[in-house]
Every structure is written in C-alpha cells, then in structure tokens.
Amino acid sequence: MRRLVALLLCLLAAATPAAADTLRIGVNTLPVSRGDPFKGNGRPGTLVWYALYDGLTRLDEQGRLAPALATRWTMVTPTRWRFDIRRGVRYSNGRPFDAATAAAVLNWLAGPGGKKTVVGNELRTLDKAMAAGPFELIVETNRPDPILPKRLIAALMVEPRAWAERGPADFAFAPVGTGPYRLAGWDQRRRTVTLVRNPYAWRRGAMARLEFVELPDAAVRTQALLSRDVDIAPVEIEEIDRLHDRRVPTLTVPSMSVMSIALINQRPGPSPLKDQRVRQALNLAVDREALARVLLRGYGRPASQPAPRGSFGHDPTLPPLAHDPARARKLLAEAGYPNGFPLTIEVQTNAFPADSLIFQSVASDLRKIGVRPTIRVITLADYLRKLGGNLWTVDAFGATWNSAPYNDVTRPMESFSCKRPKPFFCDKAVAGELSAATARLDEREREAALKAMARRYREVAPALLLVEQIDIYGHQPDLAGVGIANRVPVWENIKRKGPAS
C-alpha cells in the first residue's frame, strides 16, 4: 500500500500544475464506458457525464425534481406526456437541440439497441416520442408510469446525429452533449480526463477547465487534497478529522442509498437463500446501530427499509430492523440449518464511506450465528457485467437500494424484483403488488402504497439491509459554490474565491 501511495503521488507531482481557472478532481475510478451515458445510471459515471450532458429533467441540491432541457411537463393521459423544450440550446458541436433531437434520443432508447442498456432497461415503459412542434415533445408509454419525468433524469441527451453516424462505441470516445463542458482529452495511460468549457452551453461553467484524475485509493485522494494536487475529491470517513486539522473543508450529504448485501434466490439448484426464514435470520444477525454509530460515526443511519430518509416512499414509522442473534439461530434451525452454512459474497469496495469495514463487521456478526461468510472483492467492470446479466456464481453480492438518480424508492424496489430482465431475486407475488403500487397516478396514493411495500420487502428479505449511506467530499478552502446535486458536485457553479474567480 505504501508503494502504491508513493507511486500515485509521484504521478500527481509530475503532472502539470493546475491553473487558477482549472478545477482538478480526484475520483476513485473513471467511467468504464467512457462517454456513453447509457451503460450506467449513477456514480462514478455521472461525475463526468453530468458535466457533458443534460437530461430533460434533473434533481436539485435538495433532491427535488427540477427543469433541465425541459422547462415544464404535463400528463395529458395516463400514457401520454407533453414536455416543453428549453429554447436556444445547442450541442457542443454547434447543432441545435429541440424537440426532434430529444425524440430521436428517446426513440433510440426505446428501440432494440437502447433496451439492452442500463438506462434503456429502466425506461422500459417508454413506447415512442415525437415532436409536436419545434419545442413541444410528446412521449407515450406502454402503460401508466407516473414517475416518467423522474426516469428521464437518466436519459442524458446525446447529440443524435453523431450518435447515429458513429455508433455508441465510437461516440463514447468523442461525446457530444449540451452540458457546460466538452471533452478535450482522455488519457488512458495517466488515467485522466480533461474537459473544457462548451462554447454553446446554456449553463456556463465558472471554471474554464475540469481535470478528472483517477485515484482509486482513499488515502491517496486525501493526501492529494492536503498537498493541493486536487481541488475536490470524495473522501473516506476516517479522514475527516485529518482534513479538518489541516483546514480542508468537507461536505457530507445523504447518498439516497441503502447499503445492503443482495441475497440471490434465482441460482439453479438448492440454496439456503431460497428460504425466506434464512434471509430473515441473516437480517436479524447484524447490529446496524453499531455500523451507523461506530463505522459511520453517526453520519449514516441504521437501515429500516428500502428507502432512505428523504426519498419518496420512505416510511418514518418503521423502526430499524432488529438485532436478535438468538432469534436468528432459531430461524436457521427451523429452516434445517442448525449448524449454519458457508456463504460466499462478492463486493465492490471504495464506493461508499467505510464500506470495506462494514462488510467485515457484517461477516463477524454472521459468524456468531454459525454462518461462514467468505468475502471477495471484485472490480467495477466485473461487478457491472455480472449484475447486468445475472452472471453471479456466488451466493450473494454487495448492492445498494439506490433511489438516485430519481430520489424515489420505485427504482430499487424494481431492481430487487422479478422486473429485471434477468433477475437475481424474484418473488412473483411481491412483483405483482409492486406493479399495482407503482401504477397509481395519485401521488398520495402511490406514496402510501410504496410505504406498504416497504413492509413487504422487510418480510420477504431479498437483501441484508445495512445502513443509509452518505457521500463525503473534501475540497480546498479557496473554492466557492460547492454544492451537491444527485450525488455529484454542481461543476458549473464551483469557482475560486477572490481575484482568481
């Protein structure tokens, strides 16, 4: 580890010093799909993509749905929506953005190629889109989908002519969007991405240049902040005191995510995890209060349900799941496992604060009820491949109930259900109840139905729920305008204080 830290710091030191109008950003990893924004729907990709692209809608810094490339939207019928398109917007190659270009992007996502992507799959209710005028977009769905405007946050508006001419693979190397910045360089050897201001941007960046530097190790990101080699970076929770001692500010915000271990019941052959009593026992084994109080230092909260606080569908009356090892052992015995069983879990670490320590603590709790866990750390690319095709050969894997980027529990509930094209967990009764709940057009009725679904998910236990997670960013004290929206700093608002700004 010391050699790794030294090597990465040497690479940083060898880099060109940042100018006053350059914002240098340390990230744990760069997007696996480069500039293709449809192969993922969250960090780390959105750290770069939100600087390059806009959606029709967005989340603001308070987690509320807000206008972006669409200024207003209306449900005309349960399966037909009208969006008013922002006027005067151009892509970074100078081509205009209007209702016709928006329709072209949405129709690609609704087509055969788009449906194979992460974002296209999440927009599976999308039927077709059409321009009713230069700035009037009509979107039709194949069934009522009251959260369509939230889903469209993920439909980032690539430039459709370049996308069609070059194809997604080549487009990813030279992306074209309407965001405040455009791509200037992607250095695979140095693992850096450079963006410069988009001259046509409707939301102009305060800084002339963004430089993303891949720093996988959290200790290296902290040291890079202390040595002023980067201006802003996600940091680990145990580094907060060290940063504050050196007068480096930190910003801690909810991540709209519940950290968990997904319990697979769709593998062929027998498995203890196909028994609901076993899944309930695993949940009873874990001391979530300790995870939140000790490892997250009180910044996070013990999980009580699929939706974290602040997300649509959260039920504040539900207490955290109980910690009852005696009851857990009794359930295992009833299910035919009085001596426990081996459990292999694959996880990705360095994605959330203290995640590695949390997984270790969970493994320790499971051993106390006779379960014998083995935790394997895998790469992000391997994780995404296995998740997309349900290619898991293990018993369980680390997964978040991620309400971002919609701030709505519908998204993770659908993910932990039969609704996935290749589900890792399926309970047909629950899936039917979820379909009925999410189809309710009245917002109050839908919220009440989702709260009822939270209790059903606690009962069925498709995952070992752990804690409501957080995001922590450290940044240089000379930066102004640092705010977080949808887990990503609002890059165009960040500037330096004083004359340099």
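Reader: Why is Phe-38 called buried?

Author: In this predicted model, Phe-38 has a relative accessible area of 1%. Buried means under 20%. The value is under that cut-off, so Phe-38 counts as buried.

Reader: What makes Trp-163 buried?

Author: The relative accessible area of Trp-163 is 5%. The cut-off is under 20%, so Trp-163 also qualifies as buried.

Reader: How many aromatic pairs does the structure hold?

Author: The structure holds 16 aromatic pairs. One of them joins Phe-38 and Trp-163.

Reader: Why is the pair of Phe-38 and Trp-163 called edge-to-face?

Author: Two values decide that. The centres are 5.3 Å apart, and rings pair if their centres lie within 6.5 Å. The planes make an angle of 70°, and over 60 degrees counts as edge-to-face.

Reader: What does the pair of Phe-38 and Trp-163 tie together?

Author: Phe-38 lies in the loop between strand 1 (22–27) and helix 2 (45–52). Trp-163 is in helix 7 (residues 160–171). These parts are 125 residues apart in sequence, so the pair ties them together.

Reader: What makes Phe-397 and Phe-424 an edge-to-face pair?

Author: Their centres are 5.0 Å apart, within the 6.5 Å limit. Their planes are 85° apart, over the 60 degrees needed. So this pair is edge-to-face. The pair links distant parts of the chain, 27 residues apart. Phe-397 is in strand 16 (residues 396–402). Phe-424 is in the loop between helix 15 (410–415) and helix 16 (428–438).

Reader: Are Phe-397 and Phe-424 buried or exposed?

Author: Both are buried. Phe-397 has 0% relative accessible area, and Phe-424 has 2%. The cut-off for buried is under 20%.

Reader: Which residues do ring pairs link into a cluster?

Author: The cluster takes in Tyr-383, Trp-392, Phe-397, Trp-401, Phe-416, Phe-424 and Tyr-457.

Reader: How do you know that the charged end of Lys-150 sits over the ring of Phe-312?

Author: The charged end of Lys-150 is 4.6 Å from the ring centre of Phe-312. The limit is within 6 Å, and the charge must also be within 35 degrees of the ring normal. Lys-150 is listed as sitting over the ring. Arg-411 lies over the face of Tyr-406, at 5.8 Å from the ring centre. That distance is also within the 6 Å limit.

Reader: Which residues of helix 14 are buried?

Author: In helix 14 (residues 380–389), Leu-380, Tyr-383, Lys-386, Leu-387 and Gly-389 are buried. Their cover includes strand 14 (342–347) and strand 16. Asn-390 follows helix 14 and has a positive phi, near 45°.

Reader: Why does the spacing of residues along a helix matter for which way they point?

Author: An α-helix has 3.6 residues a turn, so residues three or four places apart point the same way.

Reader: Which residues does the cis peptide bond with an omega of about 5° at Pro-44 join?

Author: That bond joins Arg-43 and Pro-44. Pro-44 is in the loop between strand 1 and helix 2. Another cis peptide bond joins Ala-404 and Pro-405, again with omega about 5°. Pro-405 is in the loop between strand 16 and helix 15.

Reader: What makes Arg-247 exposed?

Author: The relative accessibility of Arg-247 is 72%. Exposed means over 50%, so Arg-247 passes. Arg-247 is not a glycine, although its phi is positive, about 60°. Its place is the loop between helix 9 (240–245) and strand 12 (250–263).

Reader: Is Asn-486 buried or exposed?

Author: Asn-486 is buried, at 9% relative accessible area. Its phi is positive too, about 55°, although it is not a glycine. Asn-486 is in the loop between strand 19 (484–485) and strand 20 (488–489).

Reader: How do you know that the radius of gyration agrees with a compact globule?

Author: For 501 residues, a compact globule would have a radius near 23 Å. The protein has 23 Å, so the value agrees. Buried residues make up 57% of the protein.

Reader: How confident is the predictor, and where is the pLDDT below 50?

Author: The average pLDDT is 93, and 96% of the residues score at least 70. Over residues 1–7 the pLDDT is below 50. Residues 13–17 also stay under 50.

Note on methods: Residues are numbered from 1 along each chain as its sequence is written. This is a predicted model: local features need pLDDT of at least 70, side-chain atom pairs count only at pLDDT 80 or more; totals for chains, interfaces and linings use all residues. Side-chain values use heavy atoms; hydrogens and water are left out. pLDDT is the predictor's confidence in each residue, from 0 to 100. Contact means heavy atoms within 4.5 Å. Rings of Phe, Tyr and Trp (its six-membered ring) pair if their centres lie within 6.5 Å; planes under 30 degrees apart count as stacked, over 60 as edge-to-face and the rest as tilted. Helices (H or I, at least four residues) and strands (E, at least two) are DSSP runs, numbered from the N terminus. Buried means under 20% relative accessible area, exposed over 50%, partly exposed in between (1.4 Å probe, protein chains only). The radius of gyration is taken over C-alpha atoms; the globule rule is 2.2 Å times the number of residues to the power 0.38.
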